[in-house]
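Here are my notes from going through this one. Have the viewer open as you read.

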Amino acid sequence: MKHSLSPEDLQFQRSFEAFKVEPSAFGHAAHVRLAYVYLCQSSPDEAALRLKASLLAFLDHLGVGSVKFHETITKAWIRAVRHFMELSSHSESSAEFIALNPRLLDSDIMLKHYSASLLFSPVARSEFVEPDIAPIPEHN
């Protein structure tokens, strides 16, 4: 893979997995960062599983449980981050990668691929559904 992790990325991962990141500090950009970290460390399928497990553990730690977890959004963002990683030149950190790909900070980008009625449906929350407007490019 042509992308790397910084010591700060690894510390962010450890902090998140140890539940030391405040919920208010874990917004959309942090989700993208964590997806990037996992994609640097593993295959897209494994990264999606790791992201799901980490998010569910975090929600459980907060006492929320899985009610706020969204299967389709999680896997779709793994696909989107992976797509931009494939298109981008080498980056030394998540910060550099995101700076090179600011479109990833648009949390509404999934609405270019999914209708709101599908994306926010109970089915999409509980299981992955493919986009109904435009596919998210996948790379092998």
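This is a predicted model: local features need pLDDT of at least 70, side-chain atom pairs count only at pLDDT 80 or more; totals for chains, interfaces and linings use all residues.

1. Start with H1 and H2. Helix H1 takes in residues 7-17 and helix H2 residues 28-41. Their axes come within 10 Å and cross at roughly 110°. Anything from 65 to 115 degrees counts as roughly perpendicular, so that is the label for H1 and H2.

2. Which residues make that contact? On the H1 side they are Glu8, Asp9, Leu10, Phe12, Gln13, Phe16 and Glu17. H2 brings Ala30, Arg33, Leu34, Tyr36, Val37, Tyr38 and Gln41. Sorted by class, the contact of H1 with H2 comes out as eight nonpolar, two polar and four charged residues.

3. H1 also packs against H3, and here the axes are 9 Å apart at an angle of about 50°. That makes H1 and H3 oblique to each other. From H1, the residues involved are Gln13, Phe16 and Glu17, and they meet Arg50, Ser54, Leu55 and Phe58 of H3. By class, this contact of H1 with H3 has three nonpolar, two polar and two charged residues.

4. On to charges. Side chains of opposite charge can pair when their charged atoms come close. How many salt bridges does the model have? The count is five, and I'll go through some of them here.

5. Take Lys52 and Glu71, which form a salt bridge with their closest N and O atoms 2.9 Å apart. Lys52 sits in helix H3 (residues 44-61) and Glu71 in helix H4 (residues 71-87), so to speak two distant parts of the chain, 19 residues apart. Buried or exposed? Glu71 is buried, at a relative accessible area of 16%, while Lys52 counts as partly exposed at 28%.

6. Arg79 is the one to zoom in on. Its side chain meets that of Glu130 in a salt bridge, at 2.9 Å from N to O. Arg79 lies in helix H4 and Glu130 in the segment after helix H7 (122-126), so this pair ties together parts 51 residues apart in sequence. Arg79 is buried, with a relative accessible area of 10%, whereas Glu130 is partly exposed at 47%.

7. Arg79 has another partner: Glu138, with a salt bridge of 3.4 Å from N to O. Glu138 is also in the segment after H7, so the pair links parts that are 59 residues apart in sequence. Glu138 counts as exposed, at 56% relative accessibility. Through shared partners, Arg79, Glu130 and Glu138 are joined into one network.

8. H4 itself deserves a look. Of its 17 residues, 13 are buried, so H4 is largely enclosed by the rest of the structure. As a geometry check, at 1.5 Å a residue H4 should span 24 Å, and its end C-alpha atoms are 25 Å apart, which agrees.

9. Ala95 is in helix H5 (residues 94-100) and is exposed, at 54% relative accessible area. Between the C-alpha atoms of Ala95 and Pro137 there are 23 Å, with 42 residues separating the two along the chain.

Key: Residues are numbered from 1 along each chain as its sequence is written. Side-chain values use heavy atoms; hydrogens and water are left out. Axes are lines fitted to C-alpha atoms, for helices over the stretch in contact, and angles run from 0 to 180 degrees between N-to-C directions. Helices (H or I, at least four residues) and strands (E, at least two) are DSSP runs, numbered from the N terminus. Angles under 35 degrees count as roughly parallel, over 145 as roughly antiparallel, 65 to 115 as roughly perpendicular and the rest as oblique. Contact means heavy atoms within 4.5 Å. Ala, Val, Leu, Ile, Met, Phe, Trp, Tyr, Cys and Pro count as nonpolar, Asp, Glu, Lys and Arg as charged, and the others, Gly among them, as polar. A salt bridge is a side-chain nitrogen of Lys or Arg within 4 Å of a carboxyl oxygen of Asp or Glu. Buried means under 20% relative accessible area, exposed over 50%, partly exposed in between (1.4 Å probe, protein chains only). The expected span of a helix is 1.5 Å times one less than its number of residues.
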